[in-house]
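Here is a short report on packing and charge pairing in one protein model. Please look over the sequence and coordinates before reading on.

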Amino acid sequence: MTDTIAAISTAIGESGIGIVRMSGKDSIDIGDKIFKGKNIKSLKDGENRKLIYGNIIDPEKDEIIDEVLIVYMKEPYTYTREDMVEIYCHGGIISVRRILELILKNGARLADRGEFTKRAFLNGRLDLSQAEAVIDMINAKTDKSFDVSLRQLEGRLSQEIKNIRDILLNMIAHIEVSIDFPEEDIEDITYDDLEKDAKVVLDKIDKLLNTVDRGRILRDGLNTVILGKPNVGKSSLLNAILNENRAIVTDIPGTTRDIIEEYVNIDGIPLKIVDTAGIRDTEDIVEKIGVDRAKDMVEEADLIIALFDVSEELSEDDKKIIDIVRGKKSIVLLNKSDLPAKLDEEHIRCLLPDKKIITTSIATGVGIDELIDTIKNMFYTGEVDTSNQIIVSNMRHKDQLVKAKKNIEDGLKGIKINMPLDCIEVDIKNCWDNLGEISGDTVGEDVLDKIFSEFCIGK
């Protein structure tokens with residue numbers, strides 16, 4: 001925390017502007033060493049928080065590196081609550097690299113992954129859930145997932161967690177008073193009071209947990225597996241949804257041998273589409289590996305799109321696919337409806353009575369719009385209001401909420417049978433601690449390291 005850190009904050013590659021940033025007590029001094037303004041003698045002569053025009057120079061060679069705009073910002077009103085300098089140079093690989101090398105040569109060190117945001121957290125600028133929202137915003141795949149992350153960055157989840165922990169803290173305080181000062185003229189907390197507060201906590205935790213599945217889909221994408229026997233139209237379906245020729249399509253069965261993954265935005269739903277190898281018994285070692293991977297992907301899927309070829313009679317491979325999709329959230333496509341029908345559609349409907357069945361001809365585009373509408377209707381009943389609702393999209397947060405729920409449920413059991421207050425207090429304190437790991441109030445260093453290791457270096 002005492003070092004001055006630096007990193008490139010824009011993506012490496014051709015661009016109009018590149019940004020190199022520094023944070024730490026020496027950042028302004030380092031900036032002053034390498035910057036020569038057009039109208040000022042020193043960087044410090046410029047105004048705080050205002051862009052200054054000039055050149056980055058190598059002080060040893062008195063050589064111009066690039067023409068830039070630079071800004072320095074005095075703590076504590078910065079992203080990290082430390083002194084910061086940002087340099088806006090020409091985009092591309094060379095300029096930003098040379099400027100970063102010059103900064104490191106003059107006393108800074110290269111920032112670790114997420115270290116700017118980690119310092120913002122450690123210095124009290126953000127809590128941990130807000131810091132995690134930063135990387136979620138960077139990785140957002142749709143407007144809705146970005147909005148969910150933005151609400152979290154604004155502190156809405158943090159405030160709700162704080163409200164719940166305040167109730168728990170009040171319960172703990174009353175219990176400790178009752179235990180430590182039994183003879184004082186202080187109103188004892190009753191088991192009825194504890195039960196009432198515990199039920200409020202449980203209800204609030206349940207409401208947050210009820211948003212997890214939708215939040216995970218918004219954050220990570222709806223894991224959708226396309227399943228079917230070889231040459232049934234799986235890769236054609238992938239291409240049709242993506243509206244591009246992503247997968248190779250041939251009349252030769254077994255063309256797709258490995259997993260192909262792509263993302264597509266369907267009215268705010270980030271759809272992670274997985275095209276799999278055709279399900280069949282095969283002696284081809286490579287294809288067999290692909291088939292095994294396809295079966296593994298099915299177990300992790302949020303949605304299965306199962307394809308059947310209506311121009312062929314039901315095969316043993318088709319029957320295996322029917323067995324796979326039973327009991328799973330799935331949509332059935334009866335494909336190749338433009339060809340003479342040999343498959344008894346009513347038989348499929350009897351075998352899978354609880355599934356949405358759509359007749360399609362992927363080659364001609366028939367049924368694709370109905371498939372898209374079905375996916376939307378299955379996962380969104382009406383429009384999702386991401387502007388006001390608190391949605392839990394982070395699996396770490398879910399894990400802590402699940403632990404906290406178990407704690408408060410154990411506490412409630414103890415309250416209902418009038419267990420000693422010190423035993424009940426243990427469960428309530430554990431609940432308070434587990435919720436504190438979401439906001440970072442009770443988190444360990446190993447958890448912090450894992451979280452910030454997922455960031456890019458410049459953030």
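The report covers nonpolar cores, salt bridges and a surface patch.

This is a predicted model, where local features need pLDDT of at least 70, side-chain atom pairs count only at pLDDT 80 or more, and totals for chains, interfaces and linings use all residues. Residues are numbered from 1 along each chain as its sequence is written, and side-chain values use heavy atoms, with hydrogens and water left out.

**Cores**

A nonpolar core is a set of buried Ala, Val, Leu, Ile, Met, Phe, Trp, Tyr and Cys residues joined through side-chain atoms within 4.5 Å. Buried means under 20% relative accessible area, exposed over 50%, and partly exposed in between (1.4 Å probe, protein chains only). The largest core has 27 residues. Those with the most contacts inside it are Leu168, Ile205, Leu401, Cys431 and Leu435. Elements giving two or more residues to this core are α6 (156-180), α7, α14 (395-416) and α15 (421-439). Helices (H or I, at least four residues) and strands (E, at least two) are DSSP runs, numbered from the N terminus. Ile205 touches Ile164, Leu401, Ala404, Lys405 and Cys431, leaving aside residues up to four places away in sequence. Contact here means heavy atoms within 4.5 Å. A second, separate core of 26 residues includes Ile358, Ile368, Ile375 and Phe379.

**Salt bridges**

A salt bridge is a side-chain nitrogen of Lys or Arg within 4 Å of a carboxyl oxygen of Asp or Glu. By this rule there are 38 salt bridges.

Lys207 and Asp203 sit four residues apart in helix α7 (residues 191-209), so about one helical turn separates them. Lys207 is exposed at 55%, while Asp203 is partly exposed at 38%. Lys356 lies in strand β13 (residues 356-359) and Glu370 in helix α13 (residues 368-379), so this pair ties together parts 14 residues apart in sequence. Shared partners join Asp3, Glu82, Arg109, Glu115 and Arg119 into one salt-bridge network.

**Surface patch**

Ile12, Ile93 and Ile94 form a nonpolar surface patch with about 290 Å² of accessible area together. Patch residues have over 30% relative accessible area and no salt bridge; like charges are joined within 9 Å, nonpolar side chains (Val, Leu, Ile, Met, Phe, Trp, Tyr) within 5 Å. Areas come from the Shrake-Rupley method with a 1.4 Å probe; for residues, only the protein chains shown count as cover. Ile93 is in the loop between β6 (84-90) and α2 (94-105). Ile93 counts as partly exposed because its relative accessibility is 49%.
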